[in-house]
Each structure stands twice: as structure tokens, then as C-alpha cells.
Amino acid sequence: MVTGDNALTAISVGRQCGIIKPHHRIFLGDVPETKTSSTVKAEVIEWKDYEFAESELDPKTLRPNNELYASLGNHSFREMIPALHASSRGDSVHDYAKRARRELYGSLINEDENTSYVTELRKSTHEGNKEEDLPRRKRSSNGEVVVIEGDPLRRSIQDHHSGSQEVPWRELDTDDYVLCVTGRAMSCIQKMKEKGNLDPIFFKTFLDRAQVFSRMHPDQKALLVSYFQEKDIVVGMCGDGANDCNALKTADIGISLSEAEASIAAPFTSKVQDISCVITLLQEGRASLTSSFQCFKYTALYSMIQFFCLIILFNLGSDLTDWEYMYTDLVIVFPLSILMNYTLPASKLSRQQPPSALVSRVILTSVIGHVVIVLSTQIGLTYWLFSQPSSWFTPCSILHPGGLNNDSVDGCFENTTLFYFTLFQFLGTLFAFNISKPFRRPMYTNISFTLLSIFAIIFSVYLLMIPAQFIYDLFLLMEIPSYWRLIIFGSGIVYLLITFIFEKFMVRCFVSLTRCVKP
């Protein structure tokens, strides 16, 4: 969250929005002003705990410099409250302390004195006294002073450590903290970066841990966006005012939450003035990106299917007829490749991300794998055709000795077989590339695409099984026996299953395996 408000206001809003979790420790980074003048010591940034000023961060590494309230012997103050950890995970550390001492001492502890034991214990420890010998005086509810010898909470921790069981507070490590940065601290970091004095470890921790930025100027907002972009992070920015224009233009994805000044600079403008539009934008963007890649892959595979078919036919002295070209291009490929992009985005945003580049492992693996499947099935079916009995099959070289030297293309059995089979290859590849989940809705929700696909399937099966005589004359097809028609139809079904399994499962598995292999 980046805002121009006060740091305390920003932290409060950040907690209410869930940007800062309730159990997070907050370290506020600010540059103190000098007492003699209003100038700023730009070379010093103080990182103090928002709740307990005694705890600070190392200014070089932004790691905790000491435990909360300082170390108590071999155990920190956070180790004094293990029993409350499971039931009070949502509370702050300050609430932990208050509840722990209440449960141990009951009404003997005054709320104003809930940390006095720790304060006095620190003083006595520095003076050389043993903490077990330190008596504690607390005032009960009726005003009577009661002396508590030692601290039973402290002793229970020591007794627990003497045993063999695992301590329950081990997961309460010092990594559970976030940063709040002011505009003055941001100016200091900018100057150090310009001078080349910024430690890479400091800068990385700063970008990873900072959750709230307060008192930020418009230029500083844009500068912060550029810092994240330097780390190859895709940055999105939501803003509703003129002071957000620079950041909205700098960000990879800028969303204006108002139709005023910010809408001029932002690529996207939301009529709903809250950040719920980010989910809608991600859904639409992922669906559009996925549709573009699928359309590209289908166009590439369409070209390869027809290319391999023509190479085989040219080698045999034949070619596709004009009506065969027109049917495949105008009825199947062209309209379906357009309508496939009208599938709506998924109603639920997925944790997965689509490929961000056209030349990526997923896209190339899918295209190359399908090319191999297309070529192998066409060659296999052609060799199978040549093994058929001569009672009905006659090669094109014998049927038409002139081959392609004739002015017109004559029909042959190789042409008829490959034309029928490529129809099912076009449709099978189309369905394999329209696997919708997890970025788009199911294919059947696209009504126009579904209706045209059903028409293409029915008419292609009609051409294969029971075509009329004028179909034979129009497409220059050859009469083939019924069993060979069933073989072509079965080969198309097998091709559809192979392409679906390959696209659905094998592509992702192959890409995952290649990523696991170390170079």
C-alpha cells in the first residue's frame, strides 16, 4: 500500500485491509529530524518496532538486531508465552504479553503494569542480580500489596526446556515481521542507490518486507514501481487521483479507480471504485492471453497438417482439389479459429499462470509434439493404404500416369484418404487446443463455436460415410469400401484422443521434468 497519509494511519488501514497480518511485527523506517533545524539527516534511517521501541533492525541487513524487549537469559520474551500461541495467533505480540501475565497472576496484575516485570528484570540483570532472586511486588484489586517470589512463567519455561519434548514456540522466529517506510526514508534510499552505496542485501530485504509506504510523493510512487520492475517483477498499480498518474503510467498494469485525472494516464479504468476490479482484469487478461496462444497454435498446426498432406500427395503425383481447399479453409479453419476466441474467462481466478511469452517451453513443446503426431499419423495411414488389396486400390501413378503435369487435378485413392483424415485432424487439433481450464470457461459455453463445431463434425462424417453422388463429382472423390471408411473414422478418433492426452497431461509433465533437470 502506497499512500500520502501519515505512517500510523497507513499502518492502521493496512491492518484493517489484511495487508499486515495481526501476528506480524511492524518496523517503521523513518529519518529523524534534527533538533536545531528542519533539515533531514539523509544518511541515517532508523528502523524501530512500531509497538516496542526497544527492538530495532540492523540498518545494513534489515534483520532484527535484538529480541523483543532484549534477551532474558537464554530465552526471549516471545518464548515466555508458548501456551497462548495456538489460541492467540491473531493477536499482536503486545496482546500476547498482557494475556500471559493475566492468566498467570490473575487479578494481581494491573493492566498498567503488564510489562513492568520485564522492565525491572532488564535493569536487575544488567546490575548482576539473578532473575530468580528478584521479588516482584504487585497490587491486588483491593489495594493490598502482594509479593511474588520469582516468576512462575519463567520457571515453567526452564522446566520445559529441561525435558525432551519439542518446544511449541520454535516457529515464532524473527522472520515474522514487515516494514513500513516513510517518504523521507524513501528519499534516503533513493540517494544511496544513486550514489551506489546501497547494499544489495538491504535493497532485496527492503523490497521483500516493505508492505506499507506512507507520506509518499507522486515521483516516489513511480520510483517505487520502477524498483520492483528492476527485479523482473510484473507490477500492478491502482490509483484514484492525480498524484498517482506517474505510477500508473510506469506500472506494467495501471488501473484507475476514478474517471477523473487518473483515467487519462492509466491503461484501464474501473467504474467500480475498489480493488475488486483487479480480479476481473486478471481473469480477462489470462483468458485473452490463453486464447491468443491457442489461436496461434491452431493456425500453426493447420498449416502443418495441410503442408504434410500436400507433400505426401505431391510425392505421389496428386494434389487437393479446389473444393477440398475451399471446404477446409472456409467451413472449418477460418470460422472456428475466430469463434474459439469468444470463450469467456473462468469465473474463478486460478493460482496457475499462463505462459507469458510466445516462445516458451510450454508453447514450443505443444506445437512440436503435435507436429510429430500429425506427420506420423499421415505417413502411417498412407503406408496402410498401400497395403490394401488391388481389388479396389490402385496407386495414383498407375491411375493417372501424367501426374501433376495435367492441367486439372484428378481424383485418386491417396487424395480421398488423406482428405478425409485431415478433416478429423483439423477438428481434433481444434478441440485439443480448446481445453479451457483453468483460465477459460468450458468450451460448450461458447454457443456459436459449439454449434459450428457440431455442424462441421456432422458434415465431415457425412462426407466420409454416405456422400451423395454430386459430392463425389464436386470434390472428385473415389469410391472406397465401407471397412476402409471405418478405418479412417477410427484413425480420426484415435488421433483426437492422442492429441487431447498429449495437450492435457504430457505437455505439462514434460515441461516440469525439463525444469527439474539441472544444466
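A residue counts as buried at under 20% relative accessible area, as exposed at over 50%, and as partly exposed in between, with a 1.4 Å probe and protein chains only. By this criterion F334 is exposed, since its relative accessible area is 51%. The model is predicted, so that local features need pLDDT of at least 70 and side-chain atom pairs count only at pLDDT 80 or more, while totals for chains, interfaces and linings use all residues. Residues are numbered from 1 along each chain as its sequence is written, and side-chain values use heavy atoms, with hydrogens and water left out.

## Overall composition

The protein chain has 519 residues, of which 45% count as buried. Its secondary structure comprises 17 helices and nine strands; helices (H or I, at least four residues) and strands (E, at least two) are DSSP runs numbered from the N terminus. Among contacts in the chain with a separation of 6 or more, 64% are between residues 24 or more positions apart, a contact being heavy atoms within 4.5 Å.

F334 belongs to helix α11 (residues 322-339).

## The four-stranded sheet

Strands of a sheet pair through backbone hydrogen bonds, either parallel or antiparallel. Here, two strands are taken to pair if DSSP finds at least two bridges between them. Four strands form an open sheet of mixed pairing, in the order β2-β1-β5-β6. Its edge strands, β2 and β6, each pair on one side only. From one strand to the next, the twist averages 25 degrees; angles run from 0 to 180 degrees between N-to-C directions, and the axes are lines fitted to C-alpha atoms, for helices over the stretch in contact.

Strand β1 (residues 25-30) is joined to β2 by four bridges in the antiparallel sense, and F27 stands opposite D49 in β2. In a regular strand the side chains alternate between the two faces of the sheet. Strand β2 (residues 46-49) has W47 and D49 on a covered face, and E46 and K48 on an uncovered one. Strand β5 (residues 177-182) pairs with β6 in the parallel sense, also over four bridges, and T182 stands opposite S214 in β6.

Two helices lie across strands of this sheet. Helix α5 (residues 183-195) lies across β1, β5 and β6 and runs at about 90 degrees to β5. Helix α6 (residues 200-209) lies across β2, β5 and β6, at about 85 degrees to β6.

## The three-stranded sheet

A further open sheet has the strand order β7-β8-β9, with parallel pairing. Strands β7 (236-239) and β9 (268-269) are at the edges with a single partner strand each, so one side of each has no neighbour in the sheet. Strand β8 (residues 253-256) runs parallel to β9 and is joined to it by two bridges; I255 stands opposite F268 in β9. Helix α10 (residues 277-316) lies across β7, β8 and β9, and its direction is at about 135 degrees to β8.

## Pockets and cavities

The search uses a 1 Å grid over the protein atoms alone: a cavity is a set of points where a 1.4 Å probe fits but cannot get out, a pocket is an open set with protein on both sides within 12 Å along at least five of seven lines, and lining residues have an atom within 4 Å of a point. Grid points are joined across faces, edges and corners, and a volume is the space filled by probe spheres set on the points.

| Site | Volume |
|---|---|
| Largest pocket | about 1,600 Å³ |
| Second largest pocket | about 400 Å³ |
| Second largest cavity | about 50 Å³ |

Of the 45 residues lining the largest pocket, V235, G236, M237, C238 and V278 are the closest to its centre. Helix α10 provides the largest share of this lining, six residues. By class, the lining has 28 nonpolar, eleven polar and six charged residues; Ala, Val, Leu, Ile, Met, Phe, Trp, Tyr, Cys and Pro count as nonpolar, Asp, Glu, Lys and Arg as charged, and the others, Gly among them, as polar.

The second largest pocket is lined by 20 residues, with I435, K437, P438, E503 and R508 nearest its centre. Elements giving two or more residues to this lining are α10, α12 (361-386) and α17 (482-516). Its residues divide into eleven nonpolar, four polar and five charged.

The whole structure contains five cavities of 30 Å³ or more. The second largest cavity is lined by L282, Q283, R286, A346, K348, L349, S350, P438 and F439.
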